[in-house]
Amino acid sequence: MSVKSLINQIQVYNPDSETELLERCYRFAQQAHKGQKRKSGEPYFSHCVKTAEILAELRLDTHTICAGLMHDVLEDTGITRQELQVRFGANIANLVEGVTKIGQYRPNVASATATAVITVEDRIHRKTQAETYRKLLLATAEDMRVILIKLADRLHNMETLNFLTSEKCQRIAKETLEIYAPIAHRLGIWRIMSRLEDLAFKHMHPGEYRKIAELLNQKLAEREAYCDKVVKQIRQVLEKRGIYADVHGRTKHIYSIHQKIQKGTPFNEIRDLIGLRILVKNEADCYIALGALHQRWNYHPDRLRDWIGNPKKNGYQSLHTTILDEGKTVEVQIRTYQMHKVAEDGIAAHWSYKEGVPTSAQGRSIFANYKQILEDIQETQDSPHQFVESMKLEFFQDEVYVFSPKGDLFTLPAGATVIDFAYKIHTDIGHTCVGAEVNGSIAPIRRVLENGDQVNIRTQPNAKPSRSWLSHVKTAAARNKIRHWYREKDRADALELGKKFIAAELRVSYLNARDCLNSPKLLDIAKQLNLKNLEELFIRIGNGYESATHVVNLLKPEVPEPETKTAADVETKRKSPGPAVQLENDIDLGMMRIMKCCNPIPGDQVVGYLTRGRGVSVHRSGCIRILDEPERLLAVKWTEKPPSVNGDQQPDVYPVKILVECSDRPGMLGEITTAIAQYKVNIRCGSFQPSTVHLDATASDNLTIDVTGAEQLDSVMQGILQLKGVQRVTRIS
Ligand code: MN
């Protein structure tokens, strides 16, 4: 196509298009791709013009079409983004860059075959890809035109797919069916979606495709003759009512027939193989036409749909009815010309070819809906791979339409349950939902809703969501709301529990609870632990990440040590000298004391703290008691232990507290103690309690064990962690 005819095509709908700019872009891209050939042998530039043409068919703005012409120059020629920006402005340069980025990412759909062995590398590779893809999709949500250009590009590539190797062909076809067709569907661009689906299906399952095409062909003449007859009758009926209308037959696209067959409908029973479409001037005429048909023919009341009063999420509007004629069923769609344009072009039908954004409220709502889905999915999913999975799911899904008791219509993804519907109405209705009446009879919350169901949600004021609901919801929005509720509840529970722990600890320490809780020192401790406020501190304690004993120890006023030691003290000291630590440079600064607050044991990373007049105290590095005054810290290390005088002497041991978080199952405690015993380590004391904090049946086990040093402690902790059902092992002191 020459630049003249492209410009003519655009001028039909946009007389003010910037023809000078279009011409420059055309010549620029032509020059850039000069000498490049496609696999078909055609000049590469022909692909760029075709892409631009598809965009012009959608009546898009000049900048989009310019970017369409140049969409491959960054990728395939030496041109830089900077050059594009200088010549054609940032707007066009951004679009081209966006399309290029999407193209560089290949969603790994083809290699995900069931038989393939998935290696670790594969998995990492997929994860990065999925992450890239996620970012890209979110970025395209900022400028819809990027994805429109990509769709046009993909459509032309699909049309010329024959020239590629079959492996590459399969990959591109699969990617098209799983990613691009669903996006086109969500944006309502039926014209592109149906072509993408048929072309992809043809390449992936040529046999199936041919079979359906042949079946369609077999009785084609018969069907057409019959169709003509009904069309004539309808025209007469409408004429009598004074309605001017275009009436014609339409065919289902092959992939949609394939989908129906897959769902279990035999080919011969697919009712809308014969479909008719009536286009009229205005909305009122739609309903008059419908009335006229119903007067003349019998119809299926349960197949009557009013998408005019209740448009689909992608903006689709139409009246659907199925009439009975000589024992045959004929599906009829009635819509205005404008509605027809929307049905074919989706969001593009709402485009301002001047500003390059959706103009009408309806267009903005389609766009908002697309963005919302991306955001919902993003919020819910923790792994990027899952993100792509749910994106495919959400975009791919059919919709079901259900009614509230008042008759309001709601759209949900197919497979949605009573819970999804409850959350759709209102978050609180979801939280307190206990079931529903579906079409007048009681239904459980997990009931899957069907088209036309009338759903009355039953709630109870004290009802609460359950985690098991997560496996019965289909919408990302409901999933988010349930998760959010649990997060809040977990926080509240942990807060409560943390406060209780602290109160109990203060009681046994004979400290005044009110004074201590109001003491600024407590807030200081929280700050030192990098927590914002006391609430966060209590939650941390309640969750078992911080020990209440430890925190209360830090709160205790320092009790001065007695000035002189009794003879007995000295005697004990000599018998069990305790672990020896010395300063790094061997300077003797007097007494070195191993501190109880963090309980360092041989092998731990330690640091000395020069006290005010009481020698050096030794802490584990990172102990929050000494974080305040880095200038008083001194490097210390453990002294080499002198070899034992007599071999059979028991090694010195040091008590250490650890917290084991594990599943609350029979035998768990036994397994933990056995594991510890294997290291010939003594358990001094322990308390095992089912946790009230974690609802996934977690218990916690507080143990004090005697170890010879950090090395042994580490092996014991590793050993416990190996046990099935153990989630975490933490050293508390
Ligand atoms: Mn291309």
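A search of the whole structure finds seven aromatic pairs, where rings of Phe, Tyr and Trp (its six-membered ring) pair if their centres lie within 6.5 Å, with planes under 30 degrees apart counted as stacked, over 60 as edge-to-face and the rest as tilted. The model is predicted, so local features need pLDDT of at least 70 and side-chain atom pairs count only at pLDDT 80 or more, while totals for chains, interfaces and linings use all residues. Residues are numbered from 1 along each chain as its sequence is written, and side-chain values use heavy atoms, with hydrogens and water left out.

Helices (H or I, at least four residues) and strands (E, at least two) are DSSP runs, numbered from the N terminus. Both F410 and F421 are buried; buried means under 20% relative accessible area, exposed over 50%, and partly exposed in between, with a 1.4 Å probe and protein chains only. The rings of Y423 and W469 have their centres 6.4 Å apart and their planes at 70°, so this pair is edge-to-face. Y423 lies in helix α19 and W469 in the loop between β11 and α21 (476–508), so the pair ties together parts that are 46 residues apart in sequence. Y423 and W469 are both buried. Elsewhere, ring pairs link F201, Y209 and Y255 into a cluster.

The next site is the metal. The manganese ion has as its protein donors H47 (NE2), H71 (NE2), D72 (OD) and D153 (OD), at 2.2 to 2.3 Å from the ion. Donors are N, O and S atoms within 2.8 Å of the metal (3.2 Å for Na, K and Ca); water is not among the atoms, so sites may look incomplete. Along the chain, the donors of the manganese ion follow the spacing H-x23-H-D-x80-D. H71 lies in the loop between α4 (62–69) and α5 (73–76), and D153 in helix α9 (residues 144–159), so the pair ties together parts that are 82 residues apart in sequence. H71 and D153 are buried. Helix α4 is mostly covered, with seven of its eight residues buried: T62, T64, I65, C66, A67, G68 and L69.

Two further buried residues have polar side-chain contacts. D345, in helix α16 (residues 337–345), is buried, with a relative accessible area of 2%. A polar contact of 2.7 Å joins the side chains of D345 and R191; such a contact is a pair of N or O atoms within 3.5 Å, where within protein one must be able to donate a hydrogen and the other to accept it, and residues adjacent in sequence count only if both atoms are side-chain atoms. Not counting residues up to four places away in sequence, D345 touches E57, L58, G188, I189 and R191, contact meaning heavy atoms within 4.5 Å. S547 lies in the loop between α24 (534–542) and α25 (548–555) and is buried at a relative accessible area of 13%. A polar atom of the side chain of S547 lies 2.8 Å from the backbone nitrogen of H550.

Turning to the sheets, three strands form an open antiparallel sheet in the order β10-β9-β11, two strands being paired if DSSP finds at least two bridges between them. Its edge strands, β10 (441–443) and β11 (455–459), each pair on one side only. Strand β9 (residues 433–438) and β11 pair in the antiparallel sense over five bridges, and C433 has T459 in β11 as its bridge partner. In the loop between β9 and β10 is N439, which has a positive phi of about 50° although it is not a glycine. N439 is partly exposed, with a relative accessible area of 48%.

An open sheet of five strands has the order β12-β16-β14-β15-β13, with mixed pairing. At its edges stand β12 (581–583) and β13 (592–594), each with a single partner strand, so one side of each is left without a neighbour in the sheet. β13 and strand β15 (residues 616–620) run parallel and are joined by three bridges; I594 has V618 in β15 as its bridge partner. N599, in the loop between β13 and β14 (606–610), has a positive phi near 50° and counts as buried at 15% relative accessibility.
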